[in-house]
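Colleague: I'd like to learn how to read a few features off a model. Could you walk me through some, starting with a single residue?

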Amino acid sequence: MGDPLDGLRSLMASHDPPLHALIVPSEDYHQSEYVSARDKRREFVSGFSGSAGLALVTKDDARLWTDGRYFLQATQQLSDRWKLMRMGEDPPVETWLADNLPNDATVGIDPWCVSVDTAQRWENAFAKKQQKLVRLGKNLVDEVWENRPPPVINPVIVQPLEFAGRSVAEKLKDLREKLLKAKARGIIFTTLDEVAWLYNVRGSDVSYCPVVHAFAIVTTVSAFFYVDKRKISTEVHSHMEKNGIEVCDYDSISSDVALLASGKLNSAIKGSQTEASNDQEISSSRNGENGAKQTNPDLIWLDSGSCCYALCSKLNSRQVLLQQSPLALPKAVKNPVELDGLRKAHIRDGASVVQYLVWLDKQMQSIYGASGYFIESDKTNKRKHLESIKLTEVSASDKLESFRALKEHFKGLSFPTISSVGPNAAIIHYQPEPDTCAELDADKIYLFDSGAQYQDGTTDITRTVHFGKPSAHEKACYTAVLKGHIALDTAIFPNGTSGHALDILARVPLWKSGLDYRHGTGHGIGSYLNVHEGPHLISFRPHARNVPLQASMTVTDEPGYYEDGNFGIRLENVLIVNDADTKFNFGDKGYLSFEHITWAPYQIKMMDTSMLVPDEIEWVNTYHSKCRKILAPFLDESEMAWLMKATEPVSV
């Protein structure tokens with residue numbers, strides 16, 4: 001098979017009108033961060049496999065935009081027919097197109113794979129040069145992708161109330177109250193984790209994400225679930241029926257949005273009275289409560305940041321309410337059952353990480369003659385290394401997965417494990433491949449960032465270790481990262497504070513030495529859902545949609561430092577936002593603090609303790625003491641002995 005660029009350019013030239021450019025984003029019809037194999041169109045076209053990016057193809061140019069996490073990876077994966085565009089450093093795609101294509105140029109997109117916000121931003125930028133965004137009827141990449149993977153038919157499963165914590169009925173009731181308050185008679189959900197959360201279902205349509213390819217429409221009186229019906233068991237059908245949810249064909253979402261727009265969705269599917277008359281009844285009952293005359297709600301709510309342009313285009317602009325999804329916050333603010341599950345899942349997960357470190361320490365000493373996790377020595381006994389036995393980044397990460405797989409409620413990994421040695425650890429989202437991955441090396445830093453999906457919670461943890469003798473520079477960098485990690489963990493801040501305001505805390509110790517990192521410091525995490533969950537985050541970029549942190553949210557704490565060609569360091573825990581018990585309460589705002597729920601030791605050998613102040617040393621010692629107590633029930637005698645040694649009190 002030839003380069004897909006050639007096939008795409010041929011289709012672009014023959015299109016009516018001919019296309020000057022084609023934009024190929026990473027996202028699927030649901031604007032997902034992680035997509036199924038058949039939706040990896042940008043990867044197929046460009047060869048770049050990172051989770052974030054956008055490809056642009058013109059008649060004689062091909063460019064790939066990605067963010068700082070992937071600069072190094074993209075450089076390695078792109079062929080010489082492609083040029084890397086660094087987000088935050090190079091002009092965005094719409095600016096580049098406006099500046100480099102002729103006036104009246106046509107730019108093709110698949111409107112199913114682009115959000116409303118993004119499409120509108122591009123249209124506004126192109127209008128200045130009379131350039132036009134063309135909504136394609138077919139995805140051109142699919143036309144040239146000869147061996148595109150088929151759809152996977154995996155069953156939908158019900159997430160029981162014992163793990164979900166709130167019933168579908170409760171969630172729908174709250175949602176409908178928000179619809180009425182916003183004078184909306186319906187809402188369209190396209191984001192996979194929102195559909196799964198609202199209807200208390202999970203699936204396995206996307207690797208690492210327990211979601212099902214589905215849409216949802218909820219009105220003031222009805223609810224619909226758009227899915228491949230081959231995935232629906234009798235149990236799931238009963239679950240939906242019990243909650244008043246109509247199961248519809250996945251492909252009928254498009255026509256049903258048009259029916260929703262005209263107020264005919266109910267009568268078309270159920271043959272009952274029209275939605276408009278039902279809305280009138282609700283409106284009348286509300287009038288009776290407050291005595292004020294109200295007009296029938298007629299707005300259709302959709303989240304412009306996640307809803308695809310194709311569905312929005314079927315609605316009259318005057319009836320569209322473009323606002324953040326009313327599910328974003330309820331999903332992010334965990335209920336007590338979800339919080340309890342997350343705490344328990346992270347304890348089991350921490351035990352797996354300790355078991356892995358025990359195993360890895362033993363292997364590094366026996367195979368490579370390394371001094372090991374505890375002893376600083378650059379004298380490795382190379383004679384111990386047998387050519388027939390070796391550890392690789394992939395075989396090591398497979399072992400970590402095997403420890404997790406033995407734990408209760410394990411469902412799979414939450415993302416591809418980042419198992420990286422030396423220079424590979426400097427590739428922020430490095431994913432080792434069996435044929436090209438590196439062998440472990442006792443003289444180099446090893447970074448592993450990994451997580452699991454358990455039915456009671458999703459985990460994400462990063463630790464950085466050295467089995468030989470770390471250099472003074474490596475220790476100083478590790479300690480600066482640790483100081484930032486502790487600074488964020490111990491923060492106390494008023495209600496209304498965004499993650500953007502807190503991001504600086506994790507960077508200041510690095511900035512003091514002129515160091516930094518090109519990724520955010522924290523992201524929300526799901527309750528047996530996506531490992532990256534919004535709408536909040538902790539980032540150096542001021543995001544317009546970033547919301548203040550609230551009690552019962554989850555967020556990661558993961559500063560790092562990366563030297564291209566040498567090493568990478570990252571430390572990551574998951575935190576829960578709690579109400580803080582402060583002596584005073586200035587402005588009656590109420591204050592918040594963090595509770596860490598990740599449990600695995602930090603390598604004392606990697607610390608330059610002279611850089612730590614007494615409060616930081618106390619933090620490390622307290623954390624390590626809790627690790628011993630919390631993980632003890634899950635470890636055998638030898639593992640516990642190792643953990644006791646790994647968590648011995650640090651002193652200056």
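Predicted model: local features only at pLDDT ≥ 70, side-chain atom pairs only at ≥ 80, totals over all residues.

Colleague: Where is Glu27 found?

Modeller: Glu27 sits in the loop that runs between β1 (21-25) and α2 (41-46).

Colleague: And which residues is Glu27 in contact with, leaving aside its neighbours within four places in sequence?

Modeller: Those are Ser32, Val35 and Cys113. As for Pro102, 75 residues apart from Glu27 along the chain, its C-alpha atom is separated from that of Glu27 by 27 Å.

Colleague: Okay, on to empty space. How do you look for that?

Modeller: You roll a probe the size of a water molecule over the atoms, and that shows where empty space is left. Here the count comes to four cavities of 30 Å³ or more. The largest cavity has a volume of about 100 Å³. It is lined by 14 residues, and the closest to its centre are Ile23, Val24, Pro25, Asp110 and Asn139.

Colleague: Which element gives the most to the lining of the largest cavity?

Modeller: That's β1, with four residues. Both β1 and α6 (140-144) supply at least two residues each.

Colleague: What is the lining of the largest cavity like by class?

Modeller: Eight residues are nonpolar, five are charged and one is polar.

Colleague: Which residues does UniProt list for "domain: Peptidase M24 C-terminal"?

Modeller: The unreviewed UniProt entry gives 590-650. In the model, that span is 46% helix and 10% strand, with its end C-alpha atoms 34 Å apart.

Terms used
Residues numbered from 1 in each chain as written. Heavy atoms only, no water. Contact = heavy atoms within 4.5 Å. UniProt positions renumbered as here; feature names shortened; annotations may be inferred. 1 Å grid on protein atoms, 1.4 Å probe; cavity = no way out; pocket = protein on both sides within 12 Å on 5 of 7 lines; lining within 4 Å. Points joined across faces, edges and corners; volume = space filled by probe spheres on them. Nonpolar A, V, L, I, M, F, W, Y, C, P; charged D, E, K, R; others polar.
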